[in-house]
Amino acid sequence: VFPSLAQAQASVANEVYRELGLPPTFLFCPTEYCSSLCSPSPAKSCYLQTLGRELLPEIGIIWTGPKVVSQELSVALVEEVEHILQRRLLIWDNLFANDYDCRRVFLGPYTGRAPGLMARLCGLLLNPNCELQANFIPIHTLGSWFLSELQDCAHTDSTGTEAPAETGDSQNLQEGYNPQKALELALLDWVAEIKQQVLEAGR
């Protein structure tokens, strides 16, 4: 019925989206959802080009970055892919995911994401460790990064240039996101949380 996989997927996704009454959030995960899965590359992928043309513009597309688990995410790559797909991306971030190897647990800070990245996206989903308690630092530091990105957006004018800093700006805002400082803050809060749980358990 369809000349290509991309056209088939776009047709079905569009039909489901309309059938559901055009919901405000409707996400589509493509078969080629990172650069390493694109043939031969994102810019030359007929699959992505077809999705960009055929998929309704209100439908969000999920992307994981250069790889399934991306150590770094750059604004340049996001801009390249969003140009092909003709919409802003929703990043599905597997930085802390360990469902592919449950012998590993990731306890470091959220890092490797370019400053100004959030302003290019329509959203970001974090795929965490499978172990609930191991996600305190990943989620805490993600929150620190996100607040830093929001503050940067608030201090950038509509032309994309930095607006003058207002009196009373914090030192953290001036320095931007620092993964090591974010980790230290997360550890302090995690220790306090554990102490509180121990106290409550002893009552």
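Okay, let's start with Ser36, which sits in the loop between S1 and H2. Helices here are DSSP runs of H or I with at least four residues, strands are runs of E with at least two, and both are numbered from the N terminus. What does Ser36 touch, once we skip residues up to four places away in sequence? Pro66, Lys67 and Val68, where a contact means heavy atoms within 4.5 Å. Ser36 and Pro66 are 30 residues apart along the chain, yet their C-alpha atoms are separated by 6.1 Å.

Before I go on, a word on what you're looking at. This is a predicted model, so to speak of local features we need pLDDT of at least 70, side-chain atom pairs count only at pLDDT 80 or more, and totals for chains, interfaces and linings use all residues. Residues are numbered from 1 along each chain as its sequence is written, and side-chain values use heavy atoms, with hydrogens and water left out.

Is Ser35 buried or exposed? Ser35 is buried, at 15% relative accessible area. The cut-offs: buried is under 20% relative accessible area, exposed is over 50%, and partly exposed lies in between, with a 1.4 Å probe and protein chains only. Leaving out residues up to four places away in sequence, Ser35 touches Pro42, Trp63, Gly65, Pro66 and Leu77. From Ser35 to Ser70 you go 35 residues in sequence and 10.0 Å in space, C-alpha to C-alpha.

Now the sheet. There's an open sheet of 4 strands, in the order S1-S2-S3-S4, with parallel pairing. Two strands pair if DSSP finds at least two bridges between them. S1 and S4 are at the edges with a single partner strand each, so each has one side left without a neighbour in the sheet.

Let's look at S3, residues 89–93. 4 of its 5 residues are buried, so S3 is largely enclosed by the rest of the structure. S2, residues 60–63, is joined to S3 by 3 bridges, and the two run parallel. If you want to find that pairing on screen, Ile61 stands opposite Leu89 in S3, and the bridge partner of Ile62 in S3 is Leu90. S3 is joined to S4, residues 123–126, by 4 bridges, again running parallel. There, Asp93 has Leu126 in S4 as its bridge partner.

Next, the core. A nonpolar core is a set of buried Ala, Val, Leu, Ile, Met, Phe, Trp, Tyr and Cys residues joined through side-chain atoms within 4.5 Å. Which residues touch the most other members of the largest one? Trp63 and Leu124, out of 33 residues in that core. The elements giving two or more residues to this core are H1, H2, S2, H3, S3 and helix H4 (136–154). H3 gives the most, with 5 residues. Trp63 has quite a contact list: leaving aside neighbours within four places in sequence, it includes Ser35, Leu48, Leu77, Val81, Leu90 and Trp92. In general, nonpolar side chains tend to be buried together in soluble globular proteins.

On to H1, residues 5–19. H1 has 15 residues and reaches 21 Å from its first C-alpha to its last, close to the 21 Å expected at 1.5 Å a residue. That expected span is 1.5 Å times one less than the number of residues. Its buried residues are Ala6, Ala8, Ala10, Ala13, Asn14 and Tyr17. What covers them includes strand S1 (27–28) and helix H2 (46–54). After H1 comes Gly21, with a positive phi near 85°.

One more loop residue: Asn135, between S4 and H4. Asn135 counts as buried, at 5% relative accessibility.

Finally, the whole chain. The protein has 6 helices and 4 strands, running α-β-α-β-α-β-β-α-α-α from the N terminus on. Of its 203 residues, 39% count as buried. Among contacts between residues at least 6 apart in sequence, 71% join residues at least 24 apart. The accessible surface comes to about 11800 Å², and 58% of that belongs to carbon and sulfur atoms. Those areas come from the Shrake-Rupley method with a 1.4 Å probe; for residues, only the protein chains shown count as cover.
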